[in-house]
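This note sets out some points for a first reading of the model. Please keep the structure in view and locate each residue as it is named.

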Amino acid sequence: MTTTIAPADERVPIGRLVPLALQHVLAMAAAPVSTVFLTATALRLSPAETASVLSAVLVLCGAGSLLQSLGVANVGARLPFVMLPGGAATALFIQISADHSPAVASGSVLLAAALLLAVVPLYGRIVRLFPPLVMGVTVLLIGIAMVRVAAQLITGPTGNAARASVVLAGITVAVTLTAYLFLRGVWRQSAVLIGMAAGTAVAVVSGLGAFDPAPGSGFSLPALFPYGTPRFDILAALPLLVFSLSTLAEITGQTVLNSETSGRQPDPGRDVPKVARADALMSLFAGTLGASLMVTSSENIGISRLTGVRSRFVTAAAGVLLVAVGLLSPLSRAVAGLPPAVVGGSALVVYAVIAVMGVQMLARSDLTERNHSMIAALALAVGLLPIVAPTLYDGFPGWIRTLLGSGVVAGTLAAVLLHALFAVADRPPRTGDRERRPRERRSFTTRGRPRSADRAPAPPEG
């Protein structure tokens, strides 16, 4: 009797395993590099500190990919997943750092990861709070907020952009777009990295910017608590707490898609909690190493479709390569020297794509339906107010400024509450059986039960 092996469980010879894994690494490398440098520039980290955080994120990406691909007990779905730093989560991390401090942001990551781990048993109930309509509002607001932050990388702390910075960012975006239009396969997926490399080369040759790698050599371990001891503030952590709950909806979609692609019968009830536990566990480590929440991604599915190889052992091998690259100090220190305008140009592309993802999610929720369009409109208005008018709530108490001053949190909470309100308002009235059919005369025995002869026949089913 022949046993059929699912494509996700196929073993790949070592001669093919390494180049296939390398393709996955190249396709996903843009996300950790761009998010780390966006964070480093916003927090004004030194090149050495930037190299340490980048090293940590790459190691976390590798370890998370290994955990999701191979699985340990009830952690990790054993599917060909890779793990990345969440772009939206990074945006919220930067916002909390700016409003409070990086130490508070690190504490918020730890709180959000712990919350995700705690609510996994309630997965079925929590995920209902975040349908595509709510998720679309959240992701769109995150993208808009982050485009604003990316622009600040180009303008600098003064807000007055130098002409050279604008030109350099424009060149980076142009090269990224050109690579995306004319390249194919893994090179097309690496368009952001190609744009960053080209922008840096132009900066060095033309004098529009400087390439200043951090000193150091050999292997090095990421620094523990690079921003000092984490501080815990529930109100300050609200943006990440809400986001961590909303990721359950995204994890569900990613898991079903990956299961179908890799030839495994989708089973969200079994696999989604495993994926969520792995995300939460790696995010706990991220909070101690200066990074934001880590999220499992299906970005690599395009590579799997391109090569026809859907084995989870390929993504596990990619995880090993990422850990090795993260510990290779010269590489991370060299990347730490990229000009801020180049990073800003790349970030504009990355976070504009996040905003478009939000629009796509909203489109799946049928905005032609009157209630949906009203919910989206009001929630976006609430979420955009603190983005376009940052001083709107300055005259209110601190807890209100924390709650409503974050466009993402305000918009998401508005969408959740409005969605629930409209659902209750549209619910048809429930009436009892006595109102649905005429009252029947029954004679009772001394025990209060109807005599068998007098019992009315059961109503037909349906």
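**Notes on the predicted model**

1. Tyr 393 counts as buried, because its relative accessibility is 14%. Here buried means under 20% relative accessible area, exposed over 50%, and partly exposed in between, with a 1.4 Å probe and protein chains only. The model is predicted, so local features need pLDDT of at least 70 and side-chain atom pairs count only at pLDDT 80 or more, while totals for chains, interfaces and linings use all residues. Residues are numbered from 1 along each chain as its sequence is written, and side-chain values use heavy atoms, with hydrogens and water left out.

2. How many aromatic pairs are there? The count comes to two, where rings of Phe, Tyr and Trp (its six-membered ring) pair if their centres lie within 6.5 Å, and planes under 30 degrees apart are stacked, over 60 edge-to-face and the rest tilted. Phe 93 and Tyr 227 make a tilted pair, with 6.3 Å from centre to centre and 45° between the planes. Because Phe 93 belongs to helix 4 and Tyr 227 to the loop between helix 10 (191-206) and helix 11, this pair ties together parts that are 134 residues apart in sequence. Helices (H or I, at least four residues) and strands (E, at least two) are DSSP runs, numbered from the N terminus. Both partners are buried: Phe 93 has a relative accessible area of 1%, and Tyr 227 has a relative accessibility of 16%. Tyr 393 and Phe 396 form an edge-to-face pair, at 5.9 Å centre to centre and 65° between the planes. Phe 396 is partly exposed, with a relative accessible area of 41%.

3. Helix 4 (residues 87-99) carries Phe 93. Its 13 residues reach 19 Å from the first C-alpha to the last, close to the 18 Å expected; the expected span is 1.5 Å times one less than the number of residues. Is helix 4 largely enclosed or open? It is largely enclosed by the rest of the structure, because 10 of its 13 residues are buried. Among these buried residues are Gly 87, Thr 90, Leu 92, Ile 94 and Ser 97.

4. Helix 10 has 16 residues and spans 22 Å between its first and last C-alpha, close to the 22 Å expected. Its buried residues include Val 192, Met 196 and Thr 200. Just after helix 10, Gly 207 takes a positive phi of about 80°. Phe 225, in the loop between helix 10 and helix 11, also has a positive phi, near 50°, and is a residue other than glycine. Phe 225 is partly exposed, at 34% relative accessibility.

5. Another positive phi, of about 55°, is found at Ala 73, which is not a glycine. Ala 73 sits in the loop between helix 3 (47-70) and strand 1 and counts as exposed, because its relative accessibility is 63%.

6. Strand 1 (residues 82-85) is covered on both faces: Val 82 and Leu 84 on one side, and Met 83 and Pro 85 on the other, are all buried. In a regular strand the side chains alternate between the two faces of the sheet. Strand 1 pairs with strand 2 (residues 294-297) in the antiparallel sense over four bridges, where pairing requires at least two bridges found by DSSP.

7. The largest nonpolar core has 111 residues, and Leu 38, Phe 130, Ile 142, Met 146, Leu 240 and Leu 293 touch the most other members. The largest share of this core, 13 residues, comes from helix 7 (residues 132-155). Such a core is a set of buried Ala, Val, Leu, Ile, Met, Phe, Trp, Tyr and Cys residues joined through side-chain atoms within 4.5 Å. Leaving out residues up to four places away in sequence, Leu 38 touches residues including Ile 94, Met 146, Val 343 and Tyr 351; contact means heavy atoms within 4.5 Å.

8. Ser 244 lies in helix 11 (residues 234-261) and is buried, at 2% relative accessibility. Apart from its neighbours within four places in sequence, Ser 244 is in contact with Ala 112, Leu 115, Leu 116 and Leu 293.

9. The structure holds two salt bridges, each a side-chain nitrogen of Lys or Arg within 4 Å of a carboxyl oxygen of Asp or Glu. Asp 267 bridges to Arg 270, with the closest N and O atoms 4.0 Å apart. Asp 271 also meets Arg 270, at 2.8 Å from N to O. Shared partners join Asp 267, Arg 270 and Asp 271 into one network. Within this group Asp 271 is buried, at 1% relative accessibility, whereas Asp 267 is partly exposed at 32% and Arg 270 is partly exposed at 36%.
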